[in-house]
Amino acid sequence: MSDTAGIVVSGVRRSFGDVHAVKNVTFEARPGAVTALVGPNGSGKTTLLLMLATLIEPDAGRIRIAGHDPVTDPVSVRALIGWMPDVLGSWASLTVRTTLQITARLYGMGATRAAARADELVRLIGLDDLADRPTRVLSRGQKQRLSLARALVHDPSVLLLDEPASGLDPTARVELRVLVRRLAQEGRTVLVSSHVLAELDELADAAVYIEGGASVSAERVASAATRARPWRIRALDPGSIAPALVASGVAAESITADATGILVPVTGEEHAAVVLAGLLQSGVAVTSFAPATGDLEHTFLDLQARPAEPGDGIRL
Amino acid sequence: MKLWAGIGVIVGLELRQRVRGVAWYVLLGVFVVLIGIVTVLVGLATTSFGGEDSGGWLYSLIIYFVLMLGTLIAPALSGNAINGEREAGTLATIQVTLVSATQIVLGKFLAAWIATLAFLVASSPFLVVAAALGGLSVGTVLVSLLVLAVELGVIAAIGVGLSAILGRPLFSIVVSYLAVAALSLGTLIAFGLGGVAIQSEVKATTVQAVYEDGSDSYTCGPPTVSTYSAPRFDLFWPILSANPYVVLADATPPQFSEYGSPTDLFTGVASLVRAVQVPPDLSPEFDYCNSATFEPGPSQEETYAKTVPSWFVGLLLHLVLAAGALSWAIARTKTPARKLAVGRRVA
């Protein structure tokens, strides 16, 4: 991918005193796609986003946002990025509408254009009813939506969303997903950090895994993704599943059960097809056959369970 | 974005938040009531013994009162301008927009200054009352209002500066108050202690009249020399020039009566400060025998006339302090940030 589109990060490092928040992160995020930034708490996701958002300078490494360097040319980068912070701050005494108007004016829009843009955004995020109430009355989820609207004020081509779904109710999550997908389809580069992995599975086209301040190499991600993971099987007669699996060659001790079905380790899509065919041949009336964990969650948990070995994956 | 456009948006943001809050109105109300009480009491006092043309005293007292309350209120209005916004999690959302750190800091400074000047505007009815009493010169009004406005701006600038330099809002507000106290009271204390600490020996020669018994005729006795030490306040008077009250008093054109005594508080304070410039006579001669040597001391007007003004030194020092605080604040608010203070939040 060329340097002039999307986000390109290579070998970025940042420490705060003795705390090495980001040690070595390298990744790319394409325009027109949603890229997930996945990692446990304290893995450096927010610090990385702060560097992308031109707020802190990296100690080393290189960042390009649509070809611009946030360190040497922050103004160009700021005109292009919309940043939604993980901290939900708002001017408590100002109304939702005024907040958006002032944000638009901070991006250099005139008063009339700012007012029109604020009205558009209030509708987009569904805060019409609360538009003229002070932001201190907003609930956490509503503040989250306001924060997203603030990030969209200047129609940015690169979106940096830090935990956008936290605090949202299920309906709002679906709306957020639809909105973010649409924003990406319109050609924007969207980077979303989250640890709600089920959420990201349906949202993201690509994923970057961060672990202890470093991005995980593509090889490790690939091997984690192909490692066996549990699939859940349900049938009209649950008792018929296990014997049929054993008959088709699955080791009896690897079969487990949970509240909703029988779990069996499967190493990939092809293996899944073979297992399902075996069940059907044995005459089991299968009603559900699906991975028990999402793709991202599976990879994430696997990476967590198998820490990087020395010399494995991370290159300086 | 153009410098002033960005500053304008920040000023608008600050003032909108201010006018939506209750605290500012409460402060304004309390302020007006206090000024009202002072005006009535001082008005009664000055008209009862000052007679006509007592407007100068009343006016200068009100202005001093506005300066005092203004310096007490300005740190509260400015001392958390930047770190307060950081604590609320909104500073970073401003920093990622197209306004620069310079625009953010200057906008917040101007907004704090305007909010403080509102207190001066609120006191204007009482200033009009003072003017109606007569005896007030146009020069006094113009210069004192200008210097007062500048001094309030200096304090607003120091407050905003400290709010960017120090992390915690409470801490920066307290340090702003300490800065105000250092200028207003600290200069007085330093001046007083310095003058008392450095003393010079005075050799006074006294000649007494010796009366002969039972007659009015007398002869002059032998001169006697006594020594004592005198405080050298004249060495420390420049410290006083950094005091905002002294700057205000010294800058306004002096108003003396026909007998050479001050007709407003500014001239009174300035005369006292000017008199301190005169070094003590280290070898005075007191001749109580030859009455011809008795001379009346110089009037306050005469002393004022032969000593040097210092207000521009103090004012310049204040402006340098204000500019320094603001430029330090801009440097600390610049993003992308290289260094961060320990425990400081970015967003």
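Contact here means heavy atoms within 4.5 Å. Keep that cut-off in hand for every interface on this tour.

This is a predicted model: local features need pLDDT of at least 70, side-chain atom pairs count only at pLDDT 80 or more, and totals for chains, interfaces and linings use all residues. Residues are numbered from 1 along each chain as its sequence is written, chains are lettered from A and ligands numbered from 1 in the order in which they are written, and side-chain values use heavy atoms, with hydrogens and water left out.

**Stop 1: the interface of chains A and B**

Select both chains. The contact takes 32 residues from chain A and 28 residues from chain B. About 2,700 Å² is buried between them, and carbon and sulfur atoms give 66% of it. Buried area is the accessible area (1.4 Å probe) that two parts lose on being put together, summed over both.

Next, show Leu55(A), Trp91(A) and Leu106(A). These supply 25% of the area that chain A buries against chain B, more than any other three residues.

Now pick Glu57(A) and Arg338(B). They form a salt bridge, with the closest N and O atoms 2.9 Å apart. The count between chain A and chain B is 2 salt bridges (a side-chain nitrogen of Lys or Arg within 4 Å of a carboxyl oxygen of Asp or Glu). The interface also has 11 residue pairs in polar contact, both at pLDDT 80 or more. A polar contact is a pair of N or O atoms within 3.5 Å; within protein, one must be able to donate a hydrogen and the other to accept it, and residues adjacent in sequence count only if both atoms are side-chain atoms.

Colour chain A by element. Helices (H or I, at least four residues) and strands (E, at least two) are DSSP runs, numbered from the N terminus. That side divides into 19 nonpolar, 7 polar and 6 charged residues. Ala, Val, Leu, Ile, Met, Phe, Trp, Tyr, Cys and Pro count as nonpolar, Asp, Glu, Lys and Arg as charged, and the others, Gly among them, as polar.

**Stop 2: the loop with Thr54(A)**

Go to the loop between α1 (45-52) and β4 (60-65) of chain A, where Thr54(A) lies. Its phi is near 65°, a positive value in a residue other than glycine.

**Stop 3: two domains of chain B**

Colour 3-190 + 311-333 as domain 1 of chain B and 202-306 as domain 2. The bounds come from an automatic or database domain assignment. Their centres, taken over C-alpha atoms, are 38 Å apart. The domains bury about 2,300 Å² between them, 73% of it from carbon and sulfur atoms. Show Trp57(B), Tyr64(B) and Trp311(B): they supply 30% of the area that domain 1 buries against domain 2, more than any other three residues.

Between these domains there are 0 salt bridges, but 9 residue pairs in polar contact, both at pLDDT 80 or more.

**Stop 4: an aromatic pair**

Which pair type do the rings of Tyr64(B) and Phe266(B) form? Their centres are 5.3 Å apart and their planes at 80°, so the pair is edge-to-face. Rings of Phe, Tyr and Trp (its six-membered ring) pair if their centres lie within 6.5 Å; planes under 30 degrees apart count as stacked, over 60 as edge-to-face and the rest as tilted. Tyr64(B) lies in helix α3 and Phe266(B) in helix α12 (residues 265-276) of chain B, so the pair ties together parts 202 residues apart in sequence.

**Stop 5: after α14 of chain B**

Finish at Pro336(B), in the segment after α14. A cis peptide bond joins Thr335(B) and Pro336(B), with omega about 0°.
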